Amino acid sequence: MGIVAALVSTGSAAFLVSVDCSGTAFDPQIADMIKQVDEEEILNTVSVLQGFTSRYYGYPGNAMASSYLHGELSNITGLTVEYQGGDLRNIIATLPGKESSKTFIVGAHYDSENSADLSYAPGATDNGGGVAIVLELARIMSRYTFEHTVVFALWNAEEGGTGMMGSTAYVQYAKDNGLDIALYFNFDSTCYDPHDRLVLDIMYNDRSRCMSSLMTQCNSLYHIGFTLTYNAHTCGSDHRPFWEEGYTAVMTHEEEHGPAHTADDTVDKISTAYAKKNGQLGMSAVAYLAGVQAPAAR
Ligand SMILES: [Zn+2]
C-alpha cells in the first residue's frame, strides 16, 4: 500500500525512490492506532531517562539507559531486539513485515548533553521525548501486522564533538549489507511547547519532499491539530547520515529549542500533549506507508 518503486537518475547515480506519498485517505484502523498514544507513558519514559543523571556517551548513565531501553523494547511482544554498532550500543527493534523486507525505520537518539557540565545532562526535551515517542510507537504498532518491515531504532552518541556516531555507524552497516530502507523518520527535539502553540516543523530534502505532503494530509485527516511549518529549522540530527547516503529521511522539530544542552532540560519542560500529537502524526504517516494490515493475532 502506498509504495511504488521507480528508478530515477541523479547525475550518474541511480537511486531507488521507494516512497509514494500521494493519495492517502482516512483509514479507521490508523485512527484507532493513534488514539492509543499515551501521555502518561511518555512522561514516565522521560522521567526514567532523566534519572540516569547523564546519558552522555561514555558516562555510566549512558550504559544504564541503553540497558533500560533494550529491556523495554524486549518486553514488547512481536519485536526482535538487538544491540548494533559494537560499543556504540544502538538499539534496533524489528517488527517483521508479512510480505516484504522493505524497511521503514522510526528512531531517536537516547544520549544527552549539557555543554556546561557533562556529568549532569537530564536531556528531557533533547531527547528523552523523542525516545518516549519511539517507545510508544513500538508498543502500539507491534499490536498490528504490516506489509513491510518496521524498525524502531534508538541511537547512541548523537551529541558530542563527533556527532551522530550511532546513526552513522548504522547507515554504514545498512549500506554495506544492502538493506532496503524505504524511509527513516527521526524524532529529535519533539516535545517543547511552552506556550501551547502546537507549531511543528517538518524537515525534509528533495528526496523526502513527498513526506511533508503526506504528513500535511495526515495532520488534517486525523484532526491532529498542528500548525505545520516546513524547513524552518536546519539543524543536524540522525536523519543527516541517511540523507548523506541517499536514503529517504524526514524529521520533525519543535518550534523553538528551549533548554536543550543545559541543566534545565528537565521533565517539567516537556509538553506531553505536544509529544503525543507528534507521535500520532509520525505514526499515521508510517503506518500508511508500511501498509498496516490488521491487528496482530497475539
Ligand atoms: Zn537531540
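Which residue in β7 is the bridge partner of Val 106? The partner is Phe 152. This is a predicted model of a protein with eight helices and twelve strands. Its radius of gyration is 18 Å, close to the 19 Å that the globule rule gives for 298 residues, so the protein is as compact as a globular protein of that length.

**Overall dimensions and packing**

- The C-alpha trace spans about 50 × 40 × 40 Å along the principal axes.
- Buried residues make up 56% of the 298 in the protein.
- Among contacts with a separation of 6 or more, 80% come from residues 24 or more positions apart.

**The sheet**

- An open sheet is formed by eight strands, ordered β3-β4-β7-β5-β8-β11-β9-β10, with mixed pairing.
- At the edges are β3 (80-84) and β10 (227-230), each of which pairs on one side only.
- From one strand to the next, the twist averages 20°.
- Helix α4 (residues 124-141) packs on this sheet and touches β4 (90-95), β5, β7 and β8 (181-187). The direction of α4 makes about 145° with that of β5.
- Helix α5 (residues 165-176) also packs on the sheet, where its contacts are with β3, β4, β5, β7 and β8. The direction of α5 makes about 50° with that of β4.

**Strand β7 and its two neighbours**

- Strands β5 (residues 103-109) and β7 (residues 149-155) run parallel and are joined by seven bridges.
- β4 and β7 run antiparallel, with five bridges between them.
- Ile 92 stands opposite Ala 153 in β7.
- Thr 149, Val 151, Ala 153 and Trp 155 point one way from β7, whereas Val 150, Phe 152 and Leu 154 point the other way. Residues on both faces are buried.
- β7 is largely enclosed by the rest of the structure, because seven of its seven residues are buried.

- Strand β11 (residues 249-254) contains Thr 252.
- Thr 252 is buried, and its relative accessible area is 0%.
- The side chains of Thr 252 and Asn 278 are joined by a polar contact of 3.0 Å.
- Leaving aside residues up to four places away in sequence, Thr 252 touches Phe 185, Asn 186, Phe 187, Asp 188, Ser 189, Leu 200, Asp 201, Met 215 and Asn 278.

**Cysteines**

- The count of disulfides is zero.
- Cys 191 is in no disulfide, and its nearest cysteine sulfur, in Cys 235, is 14 Å away.
- The cut-off for a disulfide is 2.5 Å between the sulfur atoms.
- Cys 191 is buried, with a relative accessible area of 0%.

Methods
Residues are numbered from 1 along each chain as its sequence is written. This is a predicted model: local features need pLDDT of at least 70, side-chain atom pairs count only at pLDDT 80 or more; totals for chains, interfaces and linings use all residues. Side-chain values use heavy atoms; hydrogens and water are left out. Two strands pair if DSSP finds at least two bridges between them. Helices (H or I, at least four residues) and strands (E, at least two) are DSSP runs, numbered from the N terminus. Axes are lines fitted to C-alpha atoms, for helices over the stretch in contact, and angles run from 0 to 180 degrees between N-to-C directions. Contact means heavy atoms within 4.5 Å. Buried means under 20% relative accessible area, exposed over 50%, partly exposed in between (1.4 Å probe, protein chains only). A polar contact is a pair of N or O atoms within 3.5 Å; within protein, one must be able to donate a hydrogen and the other to accept it, and residues adjacent in sequence count only if both atoms are side-chain atoms. The radius of gyration is taken over C-alpha atoms; the globule rule is 2.2 Å times the number of residues to the power 0.38.
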